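Okay, thanks everyone for coming.

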Amino acid sequence: MGWSRLSAEAKSAIVMTALCVFMGPFVAKIMLSERVDMFEVFGFRGPFAEIRPAWIAGFVLAAAYVAWSAGIPAVRLWLFRLHPLKLLAILLAVLAAVLEELLFRKLLMDWLQQAGSDEAVQVIVSGVGFGVLHAVWGGLKGSWQTAAGAVFATTILGLGLAMVYLLGGRSLAPCIVSHFLVTALIEPGLLIAAFGGGLRVR
């Protein structure tokens with residue numbers, strides 16, 4: 001059966017599986033590192049009370065982004081749907097949250113800080129870089145409009161996550177949890193909408 005004949009759900013399953021296979025080894029290598037305690041690096045062993053504002057901001061950001069995304073019918077339909085695709089989305093959410101937050105917040109923003117960039121530059125570069133990465137969404141339908149929409153939406157999310165990172169004293173934990181919640185809730189509905197040409201918010 002050709003790709004074009006597959007249902008949007010089947011295509012979404014293939015894409016999410018491919019992403020998990022791609023990201024899985026990287027995350028496993030990071031988490032199994034013997035050199036450092038990655039849970040401490042991510043901030044999950046840190047003083048939660050001291051970064052309470054970042055946790056609150058992270059949850060508010062996730063809730064707002066999911067609420068906005070739920071304006072897309074397919075996302076709304078799949079938001080809390082019990083289905084094997086949703087389990088796959090949760091696995092993808094874990095991998096994406098760890099890998100992308102490590103790359104765009106911890107590594108990129110800390111490198112910019114060491115290079116002498118102020119916090120505003122760090123937030124903008126991190127957010128825009130995060131958004132540009134998601135231009136690949138345009139490839140799902142071969143549409144530059146889809147790519148532009150994805151870049152805009154994920155840049156907004158990236159800017160928010162970058163501010164949460166700074167608010168938490170550069171602890172990744174609130175960012176990872178916020179990112180996880182967004183991805184776990186809006187997938188696979190977002191992919192299904194992309195393949196079905198229904199990405200517009202209504």
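So, H5 and H8 are oblique to each other, because the angle scheme calls under 35 degrees roughly parallel, over 145 roughly antiparallel, 65 to 115 roughly perpendicular and the rest oblique. Helix H5 is residues 84-114 and helix H8 is residues 144-167; their axes cross at roughly 60° and come within 11 Å. Axes here are lines fitted to C-alpha atoms, for helices over the stretch in contact, with angles from 0 to 180 degrees between N-to-C directions. Helices themselves are DSSP runs of H or I, at least four residues, numbered from the N terminus.

The H5 and H8 crossing is right-handed, meaning the near helix is turned clockwise from the far one by less than a right angle. On the H5 side the contact uses Glu101, Arg105, Lys106, Met109 and Asp110, and on the H8 side Gly158, Leu161, Ala162, Tyr165 and Leu166; contact means heavy atoms within 4.5 Å. Sorted by class, that's five nonpolar, one polar and four charged residues. For the classes, Ala, Val, Leu, Ile, Met, Phe, Trp, Tyr, Cys and Pro are nonpolar, Asp, Glu, Lys and Arg are charged, and the others, Gly among them, are polar.

Quick bookkeeping: this is a predicted model, where local features need pLDDT of at least 70 and side-chain atom pairs count only at pLDDT 80 or more, while totals for chains, interfaces and linings use all residues. Residues are numbered from 1 along each chain as its sequence is written, and side-chain values use heavy atoms, with hydrogens and water left out.

H8 has another partner, helix H6, residues 119-133, with the axes 7 Å apart and an angle of about 140°. That crossing is right-handed too. Among the H6 residues that meet H8 are Val123, Gly127 and Phe130, and the H8 residues include Thr154, Gly158 and Ala162. The class count for H6 with H8 is 11 nonpolar, seven polar and one charged.

Now the loop between H8 and H9. Arg170 sits in there, and Arg170 has a positive phi of about 70° although it is not a glycine. Most residues other than glycine have a negative phi, and most peptide bonds are trans. Is Arg170 buried or exposed? At 15% relative accessibility, Arg170 counts as buried; the cut-offs are under 20% relative accessible area for buried, over 50% for exposed, and partly exposed in between, using a 1.4 Å probe and protein chains only.

Ser171 is in that loop as well, between H8 and helix H9, 173-186. Ser171 is also buried, at 11%. Its side chain reaches the backbone nitrogen of Ala173 at 3.5 Å. Leaving out residues up to four places away in sequence, Ser171 touches Phe42, Gly43, Ile51 and Tyr165.

Pro188 lies in the loop between H9 and helix H10, 189-196. How many of H10's eight residues are buried? Seven, so H10 is mostly covered.

Last one, Phe59 in helix H3, residues 52-69. Phe59 counts as partly exposed, at 43% relative accessibility. Phe59 touches Val177 and Leu181, again not counting residues up to four places away in sequence.

Definitions and conventions. Helices (H or I, at least four residues) and strands (E, at least two) are DSSP runs, numbered from the N terminus. A polar contact is a pair of N or O atoms within 3.5 Å; within protein, one must be able to donate a hydrogen and the other to accept it, and residues adjacent in sequence count only if both atoms are side-chain atoms.
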